[in-house]
Amino acid sequence: MVIVLEKGIPQKEKEELRSFLEKNNFRVNEITGEESTIFGAVGHLSIDPREVEILPGVERVIPISKPYKMASREFKKENTIVEIPNNRGQIIRVGGMRIVSIAGPCAVESREQIFDVARKVAASGAVMLRGGAYKPRTSPYAFQGMADEGVKILKEAGDAFGLPIVTEIVSADHIPVMEKYHVDVLQIGARNMQNFDLLKKVGAIGCPVILKRGLSATIEEWLMAAEYLLSSGTDKVILCERGIRTYEKATRNTLDLSAIPILRSLTHLPIIVDPSHAVGIRDKVPPMGLAAIAAGADGIIVEVHCCPEKAMSDGPQSLYPEQFDKLLRDIDVLAPVVGKETTRIRGTEWSTADKTLEQEKNTTTQISDGPVTCAYSGTRGAYAEQAIRHYFDGDALAVSCSDFRSVFQAVQNGSVRFGMIPIENSLAGSVYDNYDNLVRCEDVTIAGSLKIRVEHSLLGIKGTTVDTIKTVYSHPQGLAQCGKFLSEHLDWEQVECNSTSEAARLVSQKKSTSCAAIASSDAAGVLEVIKNGIESDPRNYTRFLLIEANNMAKNKKTSMEVKILGDKVLVS
Ligand code: PEP
Ligand code: MN
């Protein structure tokens, strides 16, 4: 059951509640959400929820209807993000707004082989290295893996390129060797999905686990297996769809992509897809990898080999490094469409911001200095705020400013470390104010850039319809990007604001059904969405620049010329 605690519950009452539950044989998990704090209580015995509801500090009790408890959405509303640190002070996050790519050979075969492939996949943008050292092969005569030595050299190769490692554990006897070589993520293979003893022992270590779907497992059986891991002590479980057995013989297995949206509503756990074992045919892997991302997967795990013809296992389904490189470039293009960013290892893509962020993380004590700050124009829900979340992956504090000029000033006077400003939009063109600001502020330089897809909504108070609206508020860019929609409502007065989120705030203050705002649905707050997707073309992208003070950058610049060429921002 889920026990929602009263806001501001005294610590003493909380502890008493916990010990009451523990005495009744419940395992208690405390989850602090944005809106409330909950206790997730799971146990063998059932208890009348009313007995808990009457206890001091309890707001309400929600029974969990599903057989899996800790894995269910009822238990935890927010998506779980599994954090895996690398050896460069960076945290790789699986789940949320990021797409991760894990790659490597089916099996570790030699030191040279694993280093070669690690180098290649890291250069293409993989963020973790996979490789089996204990292989669960169908035939006892097939290559069984390099065992302990394989784990050791996999770790060395991962460390050389900043890639945490993923390897399969087939027996609890191998836990000591996995711990000895600091394996970052343990994989439970399809054949072991219901090896409950292994699940319990691996769960008890508490490390991140990739749980593959069993060869013929239903989604419910799969989630019950996840429940074994979660109830044994780890909260870092990543589900991996890898194809299931069907009557179809054209592919090795049948990739069940429909499992992704189904799982999204049933569980809070992150979901990745292994298109390699699913289709089993090299050329069919990239389209299914792309399809997985389009269907909402948080990442892919792909077999890549520098010389698949000589691979000791699964050569026919292993991608050549060039194919993997193309797949990741295609995913980069797809990511903004699904509202996500691809994760990269800092240090392989050397933007100034990446470097400074890394330096800051490594050299300053975060506790005393606080988080990295980044200013933007607007308030919560502004597109620039989304851009900050995408760029820094939640590692930066977004600081609201009233206009673009104030963002530049905050960067110049050092009250923030970075600023995020829009520079051009695919429908409405350049944001001239910011070109002017960049030219005027010689002491500000560009640290990075990113592009996000912009979907506008028409927002109003309850009861507002397109027929009651007389005035529409937005940033000039918002109005321009919705030109087609607004041309159907020529009687509406258009009022320009400093930001789209400011427009939403204004409309909520006016409390009139004659007013509406054009902004992101994230900015709605108390407003309701009257119409979604009102931008003139769904292919609506805004490029943002990350700016910082010149004295922060390594190379001081006295004058600056900004050129935007395709995806690159050139500063000279
Ligand atoms: C693997 O990833 O190496 C593997 C054996 O996969 P699966 O368990 O999905 O067959
Ligand atoms: Mn394999």
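Buried means under 20% relative accessible area, exposed means over 50%, and partly exposed lies in between, with a 1.4 Å probe and protein chains only. This is a predicted model: local features need pLDDT of at least 70, side-chain atom pairs count only at pLDDT 80 or more, and totals for chains, interfaces and linings use all residues. Residues are numbered from 1 along each chain as its sequence is written, chains are lettered from A and ligands numbered from 1 in the order in which they are written, and side-chain values use heavy atoms, with hydrogens and water left out.

**Stop 1: L255**

Select L255. Its relative accessible area is 13%, so L255 is buried. Look for L255 in the loop between β12 (237-241) and α8. Helices (H or I, at least four residues) and strands (E, at least two) are DSSP runs, numbered from the N terminus. Now show the contacts, meaning heavy atoms within 4.5 Å. L255 touches E241, G243, V273, A278 and M288, not counting residues up to four places away in sequence.

**Stop 2: G299**

Go to strand β14 (residues 299-303), where G299 lies. Is G299 buried or exposed? G299 is buried, at 0% relative accessibility. Leaving aside neighbours within four places in sequence, G299 is in contact with I99, V100, I271, I272, V273 and I293. Pick V273 from that group: its C-alpha is 6.5 Å from that of G299, and the two are 26 residues apart in sequence.

**Stop 3: the manganese ion**

Select ligand 2, the manganese ion. Which residues coordinate the manganese ion? They are C106 (SG), H277 (NE2), E303 (OE) and D314 (OD), at 2.0 to 2.4 Å. Donors are N, O and S atoms within 2.8 Å of the metal (3.2 Å for Na, K and Ca); water is not among the atoms, so sites may look incomplete. Along the sequence, the donor residues of the manganese ion are spaced C-x170-H-x25-E-x10-D. C106 lies in the loop between β7 (98-104) and α3, and H277 in helix α9 (residues 275-279), so the pair ties together parts that are 171 residues apart in sequence. Both C106 and H277 are buried.

**Stop 4: α3 and α11**

Colour helix α3 (residues 111-124) and helix α11 (residues 321-334). Their axes come within 9 Å and cross at roughly 20°. Axes are lines fitted to C-alpha atoms, for helices over the stretch in contact, and angles run from 0 to 180 degrees between N-to-C directions. α3 and α11 are therefore roughly parallel to each other. Angles under 35 degrees count as roughly parallel, over 145 as roughly antiparallel, 65 to 115 as roughly perpendicular and the rest as oblique. Show side chains next: K120, V121 and S124 in α3 meet P321, F324, D325 and L328 in α11. By class, this contact has four nonpolar, one polar and two charged residues. Here Ala, Val, Leu, Ile, Met, Phe, Trp, Tyr, Cys and Pro count as nonpolar, Asp, Glu, Lys and Arg as charged, and the others, Gly among them, as polar.

**Stop 5: α7 and its two partners**

Move to helix α7 (residues 219-232) and helix α8 (residues 259-266). They pack at an angle of about 50°, with axes 11 Å apart. That makes α7 oblique to α8. I219, W222 and L223 of α7 make the contact with A259, I262, L263 and L266 of α8. The classes here are seven nonpolar, no polar and no charged residues.

The axes of α6 and α7 come within 7 Å and cross at roughly 40°. α6 is thus oblique to α7. F196, L199, K200, V202, G203 and A204 of α6 meet A225, Y228, L229 and S232 of α7. This contact divides into seven nonpolar, two polar and one charged.

**Stop 6: α15**

Select helix α15 (residues 404-412). Its buried residues are F404, S406, V407, F408, A410 and V411. Among the elements they pack against are β16 (372-377), α16 (432-440) and β26 (541-549). Just after α15, G414 takes a positive phi of about 80°.

**Stop 7: two backbone angles**

N25 has a positive phi of about 70° although it is not a glycine. N25 sits in the loop between α1 (11-23) and β2 (26-32), and is partly exposed at 47% relative accessible area. H182 has a positive phi of about 50° and is not a glycine either. H182 is in the loop between α5 (175-180) and β10 (185-188), and counts as exposed at 56% relative accessibility.
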